[in-house]
Amino acid sequence: MISLDVSERAALQPVALGRPASPRARATHDLVEGLLRWWLWGLVAWCDIKQRYRGSVLGPFWLTLSTAVMIGSLGALYSRLFHMDLATYLPYLSLGILTWGLISALLTECCTAFISAEHVIKQIRMPLSVHLYRVIARNVIVFGHNLVVFVVVALWFEVRVGWADLLVVPGMALLMLGMIPTGLILAAVCARFRDIPPVVASLLQVIFFMTPIMWRPELLGSNIDLALYNPFNCFIDLVRAPLLGEGVPMTSWAVALGMTAASWLVAFPFFARFRARIAYWV
Amino acid sequence: MTAIRLRDVSVDFPIYQGGSRSLKKTLMRAGAGGRILADASQRLVVHALDRISLDIEEGDRVALIGPNGAGKTTLLRVLAGTYEPSVGLVQVDGHVAPLFDSALGLNPDATGYENIILRGVYMGMAPKEMSGRMTEIAAFTELGDYLRMPIRSYSSGMLMRLAFGVATCVHPEILLMDEWLLAGDAYFLEKARARLASFVTGSKILVLASHSDLIVREWCNKALFLERGQLRMFGPVEDVLAAYAESAHA
């Protein structure tokens, strides 16, 4: 009946097509090229924030307000429970909760980074990492909003400000550097297995209580190592300790660096192997 | 030289449904059967594209035709670069603008102006470039003061004007379209046609998936007949349409 396809195929000119780059090269390209498109993920993240401002006067500050209420009431209660001075406990608690809020929001939202960008992923070719950077940028902006709570607490209790506070900058940088590979794995795995996001959410709840956020590590007494080597505590320390005017413990730097390196070592080969499949998964 | 070349391109689709979407079930099955992960043979796999080879050259306006499920959308996505084929080589020379979904990358609560920038940025333009082309796009869409309103209030035809205006203003060398273009009113279709005509005479490539003979004859000079993921025929519109009609009646 129709046998034209053979002759049509024969008409193809002999064109030498270049071999595609290796998966690793393409994964690297994806991550770097995505980062260079800061104007794309920056703008989209900013739109996400503006979205929260629309229809409400406070916008993202609603979240700030609820964080403030939580910190205020927890602070009043737990400072009595732990017999701690409110002037030292409240700054500690507020920074801990704010940084934890950033980390847990990032981990939760990275789970849906690819799933929620399904339409874009299927239609327009762009580095997949863009969707991850968008989630990170959005949450850093929200963190900036919430930081207002700490500023108020710091002014109220006259927390001393010094040059050492600037150590928070490399601390935040390391936190982000560690978040990218972790978020990448979560985003990809959650695109494939849809039952993971709830698991992550309930794990985070457990981790919140296991991590020195509401309590100080010293309270563990001889078991203090449980807190000192808890990677979540170490990452929180990178932000909390400098702003409190305390030095960041070397263990925190070491564990955070180690965790970051380890997650890159896992995430990069994983991403290189499965990057092309993600469009089929979402 | 703008061109699209495919060599033996196959796309296999694993269908993830029910249990295979769940990590728990996947692991449980592994435990019971002694396997680490679900065996590939247990998954349902669809061969969406089967060893497609073709060359699309500058100036070609290609219609993708074929019954539902023939692989037209998958082929468009391969051309757009979003689906990387399981086997085969794809070489696309030229800046591609996919125009599959008029609502892509749009934020319903943002204004028309904001969305023009947003969508342009998704299509790979820097926000500054987009601001420079704003007047041109605004004039093309003829949406006037509506551009100051949230696009939540737009009709689907208005959304399409906006999307089409942005997609063609980025001056792509290759335009990929799905059939939704038909949603416009007669007046807008006329404008769109003029814009597309000038676009194609700039010796660029258009690939359009369509079910309508009318649209195909009007917009395209070549047609590509897909059936069950295989390339049945690629050639002048009339020949291919005839073959398609014959196979439909056979």
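This is a predicted model: local features need pLDDT of at least 70, side-chain atom pairs count only at pLDDT 80 or more; totals for chains, interfaces and linings use all residues.
Chain A is built from 13 helices and zero strands, and its C-alpha atoms, taken along the principal axes, fill a box of roughly 90 × 45 × 35 Å. Of its 282 residues, 49% count as buried. When the contacts within chain A between residues at least 6 apart in sequence are considered, 75% of them join residues at least 24 apart. One buried position in this chain is Thr99(A), which belongs to helix α5 (residues 86-111) and counts as buried because its relative accessibility is 1%. A polar atom of the Thr99(A) side chain lies 2.7 Å from the backbone oxygen of Leu95(A). With neighbours within four places in sequence left aside, Thr99(A) is in contact with Phe143(A), Ile236(A) and Val239(A).

The contact between the two chains draws on 44 residues from chain A and 53 residues from chain B. The size of an interface is often given as the accessible area lost when the parts come together. For chain A and chain B, this buried area is about 4,600 Å², with carbon and sulfur atoms giving 57% of it. Three salt bridges are counted between chain A and chain B, and eight residue pairs are found in polar contact across this interface, where both residues have pLDDT of 80 or more. On the side of chain A that touches chain B, the elements giving two or more residues are α1 (4-10), α3 (38-53), α6 (118-123), α8 (168-192) and α13 (278-281); the largest share of that side, seven residues, comes from α3(A). A salt bridge also joins Lys50(A) to Glu114(B), with the closest N and O atoms 2.8 Å apart.

Within chain B, the domain assignment gives domain 1 (3-94 + 210-248) and domain 2 (112-203). Where these domains meet, 18 residues of domain 1 are in contact with 13 residues of domain 2, and the area buried between them is about 1,200 Å², of which carbon and sulfur atoms give 71%. On the domain 1 side, Leu76(B), Gly94(B) and Trp219(B) lose the most area to domain 2, together accounting for 40% of what that side buries.

In soluble globular proteins, nonpolar side chains tend to be buried together. The largest nonpolar core of this model has 167 residues, among which Phe114(A), Ile65(B), Leu176(B), Val207(B) and Leu224(B) touch the most other members. Since domain 1 and domain 2 of chain B both give residues to this core, the core lies between them. The surroundings of Val207(B) can be listed in detail: with neighbours within four places in sequence left aside, Val207(B) is in contact with Ile4(B), Ile56(B), Val62(B), Leu64(B), Leu76(B), Leu79(B), Leu175(B), Leu176(B) and Met177(B).

Over all chains, a search of the whole structure finds 20 salt bridges. Side chains of opposite charge can pair when their charged atoms come close. In chain A, Glu246(A) forms a salt bridge with Arg216(A), the closest N and O atoms being 3.4 Å apart. Glu246(A) lies in the loop between α11 (231-244) and α12 (250-274), whereas Arg216(A) lies in the loop between α9 (196-210) and α10 (225-228), so the pair ties together parts that are 30 residues apart in sequence. Glu246(A) is partly exposed, with a relative accessible area of 37%, while Arg216(A), at 19% relative accessibility, counts as buried. Elsewhere in chain A, Asp48(A), Glu109(A), Arg134(A) and Arg138(A) are linked in a network of salt bridges.

In chain B, Arg7(B) forms a salt bridge with Asp55(B), with the closest N and O atoms 3.2 Å apart. This pair links distant parts of the chain, as Arg7(B) is in strand β1 and Asp55(B) is in strand β2 (residues 44-56), 48 residues apart; both Arg7(B) and Asp55(B) are buried. Another salt bridge brings together the side chains of Asp109(B) and Arg152(B), at 2.7 Å from N to O. Asp109(B) is in the loop between β5 (96-99) and α3 (112-122) of chain B and Arg152(B) is in the loop between α4 (127-141) and α5 (156-169) of chain B, 43 residues apart. Arg152(B) is exposed, with a relative accessible area of 55%.

Definitions and conventions: Residues are numbered from 1 along each chain as its sequence is written. Chains are lettered from A and ligands numbered from 1 in the order in which they are written. Side-chain values use heavy atoms; hydrogens and water are left out. A nonpolar core is a set of buried Ala, Val, Leu, Ile, Met, Phe, Trp, Tyr and Cys residues joined through side-chain atoms within 4.5 Å. Buried means under 20% relative accessible area, exposed over 50%, partly exposed in between (1.4 Å probe, protein chains only). Domain bounds come from an automatic or database domain assignment. Contact means heavy atoms within 4.5 Å. Buried area is the accessible area (1.4 Å probe) that two parts lose on being put together, summed over both. A salt bridge is a side-chain nitrogen of Lys or Arg within 4 Å of a carboxyl oxygen of Asp or Glu. A polar contact is a pair of N or O atoms within 3.5 Å; within protein, one must be able to donate a hydrogen and the other to accept it, and residues adjacent in sequence count only if both atoms are side-chain atoms. Helices (H or I, at least four residues) and strands (E, at least two) are DSSP runs, numbered from the N terminus.
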